[in-house]
Amino acid sequence: MNTPTGELTRLLTGAADDIVEHRTAPGPDIPQLWRRGRRVTWAARTAAAGILGVVLLLVATGGVLLSGIPATVPSVGGMLTYPEVVSDLFPELLRTGDEPIFGLVATVPTASESDDSLVIERRGALASLGTSAVRADHIVLTAGGTAPALAPDGKRVRSSEGIVDLTDGSLTRPNSTDPVIQSLTGSRSVWSPDSQHVLVDTANGPAVLNVYADPVLTPAAGDQQVRAAGWRDITTLLGVRPAAGGGLDIVTRGLTEPRWTTVGTVAADAVRGSATPSRVFAAPDGSRLLLVWPGGSDPARSVLVDARTGARVPLAGETSATTAVWGSCDPVWQAGQPLLADGGLRRPASGETVMAFSGHTRHGCVALAGNELTGTPAPGAADAWQERLWRLWAAALPLGGVLALVGLVWMVVALRRSRRHGERFLPMVLGRLF
């Protein structure tokens, strides 16, 4: 090696030593990299656990909704209650037995479902009797959106086909050849307080059947003017007919009596001088009468009177400007006051809700055992866990879906970024999915 070459080698070696000694680039901070990796890993696992938790919550609550959580039922011998809110979420099939039925509600027919009735349970839930339109051994409990008359003992109804025993589902059709009895299918009916007879209002006048659908009383001459209202006691019918001097006569007839007897008069000014009302309803104890006239283009007019004296009795919350509008449903009574029974129970004058459905489906007329609401109000199943879970599930479903979508997009983007940098971002199990 000559002198210039050796000198050049010495200079280059020295320069390289200076670069290595004084300008060395700092290496990676190993502890910092470990901390960053752990944070990213736990963030990914937390996101995955959150998404899984939302999915499990929706599945679990949905399963509970489908299976149903029974509401608290009053103990035997405890205070009798009725539900303020009835859950119409997933009605169950009611098994026949000796338990009396609290009430019935007519279903609103659809393109796929015909008229039927659902059982209202005192615990605040609905159950299905499993009946439908007449096919083979099936029977119709309701037609045209009106609920059938339910006996006070809660064990029989008079349907459009005859008398149905709800304990075993048997149907007894009228066996009389009398055309009046044979034409009772579309008429209004009221059970006696002892559940042994049913009053039927026909075009020829009131008739009475027993529990075997045999006629016990048939219309007499002149009974076309009598509007059947209900029962004064277990053997005495109650109704009204036009009075000679105006107003209405309150009339009664025993099951063994040949004619109607006038027992009171409703003054013409009390009924606003109108003719015979189109419908008359008696309180279950026979103490009051609700008289309803068709309103035509105006709302239907109604008057509540005492069934013995004929004197006006104000509706609960009634004022001089109040007009009670009545639909096609028979009223349900509570403590001598009639309640509107279309899709629930409401006071006609004030509009106050007494019993409502939770609002998942639409319903028609309501009929209670003996046409009377008894007991003290209770929350019902719609305020129990089943309805609460439904509200939680309905609220959590869209929120959970958004969170799951955001989490999924975030995980995919983060995975692609981590792969570009050669890092393991997701746990091994989730990483294999992508």
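Visitor: What share of the accessible surface of the chain belongs to carbon and sulfur atoms?

Guide: The model is a predicted one. Its chain has an accessible surface of about 23100 Å². The part of this surface that belongs to carbon and sulfur atoms is 58%.

Visitor: How many helices and strands does the chain have?

Guide: Buried residues account for 41% of the 434 residues in the chain. The secondary structure of the chain amounts to five helices and 26 strands.

Visitor: Is serine 302 buried or exposed?

Guide: Serine 302 lies in strand E20, which spans residues 301–306. Its relative accessible area is 9%, and a residue counts as buried under 20%. Because 9% falls under that cut-off, serine 302 is buried.

Visitor: Which residue has a side chain joined to that of serine 302 by a polar contact?

Guide: Leaving aside residues up to four places away in sequence, serine 302 touches Leu290, Leu291, Val292, Leu315, Ala324 and Trp326. The polar contact between side chains has a length of 2.9 Å. The partner of serine 302 in this polar contact is tryptophan 326.

Visitor: Which residue in E12 stands opposite valine 198?

Guide: An open sheet of four antiparallel strands has the order E10-E11-E12-E13. Its edge strands are E10 (189–191) and E13 (215–217), each pairing on one side only. Within the sheet, strand E11 (residues 197–202) runs antiparallel to strand E12 (residues 205–210), and six bridges join them. Opposite valine 198 stands leucine 209.

How values were computed. Residues are numbered from 1 along each chain as its sequence is written. This is a predicted model: local features need pLDDT of at least 70, side-chain atom pairs count only at pLDDT 80 or more; totals for chains, interfaces and linings use all residues. Side-chain values use heavy atoms; hydrogens and water are left out. Helices (H or I, at least four residues) and strands (E, at least two) are DSSP runs, numbered from the N terminus. Buried means under 20% relative accessible area, exposed over 50%, partly exposed in between (1.4 Å probe, protein chains only). A polar contact is a pair of N or O atoms within 3.5 Å; within protein, one must be able to donate a hydrogen and the other to accept it, and residues adjacent in sequence count only if both atoms are side-chain atoms. Contact means heavy atoms within 4.5 Å. Two strands pair if DSSP finds at least two bridges between them. Accessible areas come from the Shrake-Rupley method with a 1.4 Å probe; for residues, only the protein chains shown count as cover.
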